[in-house]
Amino acid sequence: MADPVPPISIDQFGSEPIWIVLIKVVAVFAFLMVMTIFMITFERKLIARMQFRLGPNRHGPNGWFQSIADAIKLPFKEEVIPAMADKFVFALAPVLAAFPSFLALAVTPFGGTVNMFGYHVALQLTDLPVAVLWVLVCSSIGVYGVVLAGWSSNSTYSLLGGLRSAAQMISYEVAMGLSFVAVFLYAGTLSTSGIVDAQAKGGWWYAIILLPSFVIYVISAVGETNRIPFDLPEAEGELVGGYHTEYTSLKFGMFFLAEYVNMVGVSSLAITLFLGGWHAPFGIATLWPFLDTGYWGLLWYFAKLMAFMFFFVWLRGTLPRLRYDQLMRLGWKVLVPINLAWILVVSGVQTFALASHTTPQQRLIYIGVVVVVVIIAVLLWPSKKETPAEAESLEAGAPVKTNYPIPPMDLVVPPSPRLARTAVTAAATTAETTEAGKA
């Protein structure tokens, strides 16, 4: 009979042979590269199906080699660098955007402990007592790559895209970080493997127990990755392409790579913190315990990851883009205040539960009661009614007061100089034609 495999411990990560560590590094890197190539084609084909049109269908079986063809083609395209750009920073920015995205996956648990070549090996590159903070640090470094790309390009559109992205990513990182606090309070640890074990022992996913934190995290993750409906830094209708407008060839490909690796990173973090990690869902482990051990964790992790990635693609094919003022208002005036209030509720319930020695099920009931009371209070809160003066002004056609600048309705826009020159040229041509006809 084989020796029982021990659970994951933080202390075991420093004692593994270096060649096993190298195998795990190569495996994580290869996984991210393959996921990027797969997700590009998967997203294009899925959105095409949603919009009743054809997606990639030329390269490979049913078009599944399209991303491989693009990956081979992109490095060989002509590389154009603006003449007035800062050459060193221009080349450094894509590296700063892509490299931290790979580092964030270093603390993600892909499975439990397995027997590999006679060693007990955790399916996780490493773990730290503050592993979740490590992920936040890596995501914060990625902001520098975006900002420097916009600044070094010496282009107005790129600079505006970089400034937008910096403000957006910083704003939504605040909401994302606050959504982790409730998880830390409930799990009692900042270690990723420890949080996964806490959910397995408690029997409940934190996405259920801490539903407001999970919802806020999902919204913040979409804003953090600059995906629709929060892709304002790359709004092609306003900024051509945003911060990477001037990038071509391999440098543009690195920004593309960073976006999809970030998607995998935030999805993996959601799985780890809120969806039970690599453990089997829906009570499968209770019926068949062997399905929740060994390499089976890779299967459950990948299934949850694909569900989350499908959610990203679904948003892109469904929702329209927000205005920039709506984006920032949602982050600072909605997500952050709700998060702070929710942290206060969770910390109060945890303090009361620990003092009264209640069970986790009773704590869940207390949190549910508080949430229901808050929802009822919000629904019963009196809404602002229009005063008679405001109603009369609306009926009279007076301009509506909003927080977004709206031009006056009686604004007369002068014709453009090009239109005026065209009109003069057309008049002169008509006059010459008329004179020639008379002659």
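The legends below describe close-up views of a predicted model.

**View 1. The contact of helix 5 with helix 8.** Helix 5 covers residues 156–187, and helix 8 covers residues 211–224. The two helices pack at an angle of about 155°, and their axes are 8 Å apart. Angles over 145 degrees count as roughly antiparallel, and helix 5 and helix 8 are therefore roughly antiparallel to each other. The crossing of helix 5 with helix 8 is left-handed. On the helix 5 side, the contact is made by Gln168, Met169, Tyr172, Glu173, Ala175, Met176, Ser179, Phe180 and Ala182. Their partners in helix 8 are Ser213, Ile216, Tyr217, Ile219, Ser220, Ala221, Gly223 and Glu224. Sorted by type, the residues of this contact are ten nonpolar, five polar and two charged.

**View 2. The largest nonpolar core.** This core holds 71 residues. Met39, Phe180, Tyr206, Leu210 and Tyr217 have the most contacts inside it. Among them, Phe180 and Tyr217 also take part in the contact between helix 5 and helix 8. A second, separate core has 14 residues, including Ala97, Val146, Ala166 and Phe255. In soluble globular proteins, nonpolar side chains tend to be buried together.

**View 3. The surroundings of Met39.** Met39 is one of the residues with the most contacts inside the largest nonpolar core. Leaving aside residues up to four places away in sequence, Met39 touches Tyr260, Met263, Met306, Met309 and Val313.

**View 4. Phe52 and Asn62 in the loop between helix 1 and helix 2.** The loop that holds Phe52 runs between helix 1 (18–50) and helix 2 (66–73). Phe52 is not a glycine, yet its phi is positive, about 55°. With a relative accessibility of 79%, Phe52 counts as exposed, because the cut-off for exposed is over 50%. Asn62 lies in the loop between helix 1 and helix 2. The phi of Asn62 is near 55°, again a positive value in a residue other than glycine.

**View 5. The cis peptide bond at Pro229.** The bond from Ile228 to Pro229 is cis, and its omega is near 10°.

How values were computed
Residues are numbered from 1 along each chain as its sequence is written. This is a predicted model: local features need pLDDT of at least 70, side-chain atom pairs count only at pLDDT 80 or more; totals for chains, interfaces and linings use all residues. Side-chain values use heavy atoms; hydrogens and water are left out. Helices (H or I, at least four residues) and strands (E, at least two) are DSSP runs, numbered from the N terminus. Buried means under 20% relative accessible area, exposed over 50%, partly exposed in between (1.4 Å probe, protein chains only). A nonpolar core is a set of buried Ala, Val, Leu, Ile, Met, Phe, Trp, Tyr and Cys residues joined through side-chain atoms within 4.5 Å. Contact means heavy atoms within 4.5 Å. Axes are lines fitted to C-alpha atoms, for helices over the stretch in contact, and angles run from 0 to 180 degrees between N-to-C directions. Angles under 35 degrees count as roughly parallel, over 145 as roughly antiparallel, 65 to 115 as roughly perpendicular and the rest as oblique. A crossing is left-handed if the near helix is turned anticlockwise from the far one by less than a right angle, and right-handed if clockwise. Ala, Val, Leu, Ile, Met, Phe, Trp, Tyr, Cys and Pro count as nonpolar, Asp, Glu, Lys and Arg as charged, and the others, Gly among them, as polar.
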